[in-house]
Amino acid sequence: MYTSWNRRDFLRKSSAATIAAFAAGVPLTNSLSSCNSKKINSSADTVILLWMAGGMSHTDTFDPKKFTPFSKGMMANDVLSTFQSVPTALDGVYFSEGLGSIGKIMDKGTLIRSYVAADMGHILHSRHQYHWHTCYKPPQSVSAPHIGSWIAKELGAVNPVIPAFIDIGQRFTLGEEEELKAFHTAGFLGNEFGPFMIPDPSAGLESVKPPVGMSINRFEKRNQLYNELMSNSATGEFGSDYQKESLRRSMEQAYILLKSPEAAAFDLNNEPKESYDIYNTGKFGLGCLMARRLTEKGARFISVTTEYEPFKNWDTHDNGHTRLVDMKKQIDGPVARLIKDLERSGHLDRTLVILASEFSRDMMVEGRPDLKVEEQVNQPDIIQDIKNYGMHRHFTDGGSILMFGGGIKKGNVYGKTADERPCKTVEKPIMVEQVHQTIYHALGIAEDTHYLVEKRPFYTTPDGLGKVELELFK
Amino acid sequence: MKISTKKLFLRKKALVVIGMIGVIWLLQLTFSGFVQPASATPTASNNFWLWQFFGRLHPLAVHFPLGLLLFAAILELITIRNFSSHLRPGINLLVIAGVIASIFSAVLGLLLSRQGDYGKDLLGLHQWVGIATVLSGVITWFLLNRILVTKKISLIKYYRGILFFCAAVLSVTGHFGASLTHGKDYLSATLPWSADYTGTKAGDFNLSSFKNDTAQLTKKQEAELNVAVRAILAHNCYKCHSAEKIKGDLRLDRKDMIFKGGENGPVVIPGNPGESEIFRRITLPANHKDAMPSKGKKLADADIAVINFWIQKGAPWTEGVEKNIFRVAELQPRNPPLPLAPENLTNPLDKWTNQYFIKNKMSWPQVVDDRTFLRRVSLDLIGMLPKQEEVDTFIKDNRADKRALWIKQLLNRQDDYATHWLSFWNDALRNDYTGTGYITGGRYEITDWLYKSIRSNKPYNEFVKELISPTKASKGFIEGIKWRGVVNASQRTEMQAAQNISQVFLGLNLKCTSCHNSFISDWKLNDAYAFANIFADSSLEINRCDKPTGKYTNARMLWKELGTIDSSAKKSIKRAQLADIIIKPSNGRLYRTIVNRIWAQIMGRGIVEPVDVMDNEPWSQDLLDWMAFNFQQNKSDIKELLYLITTSNTYQLPSVGFKDPNKIILQDYKFTGMLRKRMSAEQFADAAGTIIAPLFYDSMVMYKPFPKMGDYHFARASLVINNSFLTALGRPNRETTSTGRESQANLLQALELTNGERFNSMIGRGAITWQKKYVTSDRVIKEIYSQALGRDAQPKEYQIAKKLLGDTPAIDGIQDLFWSILLLPEFQIIY
């Protein structure tokens, strides 16, 4: 295992400080120290979040119900699943067709079939994604940190040259980018803990190597020049000022990262062809590959997304069935391979992999079964066209999450949804607060970890009340 | 040899003692030896309940030998001159009882060591010295016995020596034992010089500081303690025990209610935590049926300690005197008469500084030279580095009042000035070209209004008025950001308006208060709703912690004495009324807040810090009051204020560096001059753009206030859409108001500067231009030092640069030189 020698001493004295706007440009994190009551033993060092952006229907993926094939003139209300069910490694547990590879590795992890998304009136991707990633419902009067930022802040990097919070696959140019940016942030924890964005994994190396067109030799010389000029600049005049020190330190850190051997982990061209081909189902698959490579070199939190783009990918407002065939192709091979590779290299034990989505989908029900929601997808009662065949409405009362490694039980199924519409959670509902607290618990971050922001406590989960679901652990 | 009965009796006892010691050794051997006692896996026999029970009596039993033997030693010391004092029989009894008790304790201790998760090093130590205690105790007894029987006076000194030794070892044992129970740093952590010192920064509740004090708490301490307790109760108990939900007939949010208790009687017995039901409940194990909180997590140990201490101290509840708990700043304006000062100090601010310096026994340093001054004042007023020609002209300018004249000139560069201050106001008013809410019509931009207002130097009172009682162009601030769907009651747009107006214009935090009564001020939930009602069509239902209460309140200004709002009026009328009230000259708070913000922006630190907490103590009340009063009198003219500040010697003092930013914000801060600031994202981008090549072009400009970009060939950073470069350098996403920026560098920022595409391609473009323009290396070196750093390269620097460039500079070389210079702290810091 990679020792986390750079890990912060996260059990601090509860010397609470206040963040507020300081004119001196005092970094927020300087005046912060986390408060929590006890130390817990960790079962994971690294978290990989596989994000199914846009709302992944549970009945067409990991929780299939009765299959009704497409025929013209069919009744929409009869359709619960638009795919056949296929067996998995677990007796009596079936996945939707197209997810066979993941099915085969379910003996290595836990399948949660009882995720319940929050009720926030309108069922909107922007708000639910914000909620899933920060554990807080927008808007907030202070800027809430992404879960990756919390983890980066509490634990620091595993390997100091690999940024603690890496976000792979999301561009901010496809629509609703402001809503996406609103939670891709370290919020009040300060920029230092923000995401290191790699929008395109195949160009990942560019982010961690010297500028385009610069040889390593020149890069080294440039750095040397900088250091020489720095030590000869009017040093006396500026003393060991804190801004100067912090700039010098950061530049040095960047230099070390950019020429470190670990940077090669970002280079997917180094991957053997056989393995590369299995991962190469598109950006998401290559993101999984990069996540694996970084985990092997010591990463803390990596998010790999299928990418959110309004009405694209998992955001199926039409042609749900047809499009899911493609989506499953994107994820099935890479996710299964990722788990197997991590297991083979011995990293799975201390790496928690989570596959999740902001909410589920259903053909008929938008939001909760008993609610009518504005702006829901128009779904004809009688289907004539295949474009209306699929799960197109946003559903919050049930959903699936996968978890592997990091101390999570193997071959376990948690929770259950009804077999008839509405296919809502009927056993062991689990909300985002519990999911977050469970992740923090695996990492050894105490459940009442919080900071005082403008003299108000701000916890990892609202009011620190998120409960760990211990049943998910071995 | 004849043996007396008494002797026989004693001898028997001695045998018993020796037997017991034997038992201890035997136990030691049986239970895995005492070198690694705790690491051994407990066997079934070790876990037998009775042994466990006895074992747990150890912490109780140990107090007997401690008390008895120590007291025996003390009495022995007192009677050191007279062995046969009348205390003799008592001492003898104490010794005997003490030794027996120590043997029992040792046995119980061994049983206990089988159970707990004790660190083995400390446990080992504790055991060894424990055994030593028992042995020395037995020897003491033996010697004492010999003396009493044989009357051998010569043994007395040995007996006494070994008794004192025994007492000493016993104390050590006790210390290790206590360390096992309470933690090693239990005692030492309270010492100020300890690394584990739990004392905290100003403003935090610090229980240990109370405990070190004498028994009697001052009124202020009582109030602070009570506030801490109420914060704990509010966050852990109010959910079920306050106005909205009164489980078990118990309310903990009011003095009368908390002391009345619940359905089972009183919960707090002042002075007696042990008898207090509330203390019993919060200290129960989490799974106990009586444990509180019954839902949610157990209270933190620190919180429990505070409750315990509070009850011990008689559970003070300081209603009535609340007004005195928190420092509350004066609302009324005040115009203190200017102090006398030497004739050369004509600027009124300097007279105050002079008085401050005298009071603090400081002397006036020399003001900075012309070059430093021009660089500083240009960056501060218009956000740009001065051009080389400007610096030269300025230095050559012989007019006595040239600094004031140049400041005027800078302030008259209206577009440059407005473009710079636009960033400051965009942050504060959370206005941006893009952001959440715009796509769904839940948010409005105010850029055009804002830019024009800054450019025309709109009087600040009108500026505020137009934001609160807005036109279409300025409504974006109070309309807030509306997310579709259901949002938390404390985040509806009316409440956002209340929070933002109080924070930005009044330096007051209403965020706590919009959810529940504040624990950090005297403001109440009601006050926040009354204020928010001004922005609502009809009164809002009061929600406490997002739970509807069914109650309503009127529309009201936070300070009633400033004026009244007509609750029944339309929203637009109420807002207009508020606007008139808030800008009244008698609202000293509005004017103090803005002059403090501007001062902080220029001087690197406010007179009051944090700038959003105007109730905090200023380092000079007179200076703040005088400036605020005269600012208001002087038509609330921001440019005049900037002129006043920047023309002062106070501003022109040498800048002050600091190592620990946390010290800067302490309330005992001493002003010695402007604090060094790091350039903002925009200042840095614009400065680089001035010298090297544009980072942003006209095509990226989101707001075009003027057709041509002034004298510059690039777009100023404050006018472009936020991007990864600006974000990395600290431009906030303007989802919430932000009144200060981080000036600390970090890895993500350094990466953006080291291999970021935008920055490196800018350098690349600049290198081409420079190569054509300056041709020789000497010229390039001379120009970059003079344009970027405002000075010539020193010989050493010249050598280094020349070595890189050779005689004729290549593009690569110029690029690398640019990069190194732009990243020098000397370039990035405003000094």
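**Figure 1. The surface and make-up of chain B.** Chain B exposes about 36600 Å². Carbon and sulfur atoms supply 58% of that area. The model shown here is predicted. Chain B has 831 residues, and 55% of them count as buried. Its secondary structure comprises 35 helices and six strands.

Figure 2. B:Thr739 sits in a loop of chain B. The relative accessibility of B:Thr739 is 13%. Buried means under 20%, so B:Thr739 counts as buried. Its side chain makes a polar contact of 2.8 Å with the side chain of B:Asp612.

**Figure 3. Strand E17 of chain A, covered on both faces.** Strand E17 spans residues 450-453 of chain A. In a regular strand, side chains alternate between the two faces of the sheet. A:His450 and A:Leu452 lie on one side of E17(A). A:Tyr451 and A:Val453 lie on the other. All four are buried, so both faces are covered.

Figure 4. Strand E18 of chain A covers residues 456-459. E17(A) and E18(A) pair in the antiparallel sense, over four bridges. A:His450 has A:Tyr459 of E18(A) as its bridge partner. Two residues lie between the strands of this hairpin. Here A:Glu454 takes a positive phi near 50 degrees.

Conventions:
Residues numbered from 1 in each chain as written. Chains lettered and ligands numbered in written order. Predicted model: local features only at pLDDT ≥ 70, side-chain atom pairs only at ≥ 80, totals over all residues. Heavy atoms only, no water. Buried < 20%, exposed > 50% of the residue type's maximum accessible area, 1.4 Å probe, protein only. Pairing = 2+ DSSP bridges. Areas by Shrake-Rupley, 256 points an atom, 1.4 Å probe, with all protein chains shown as cover. Polar contact = N/O pair within 3.5 Å; in protein donor to acceptor, adjacent residues only side chain to side chain.
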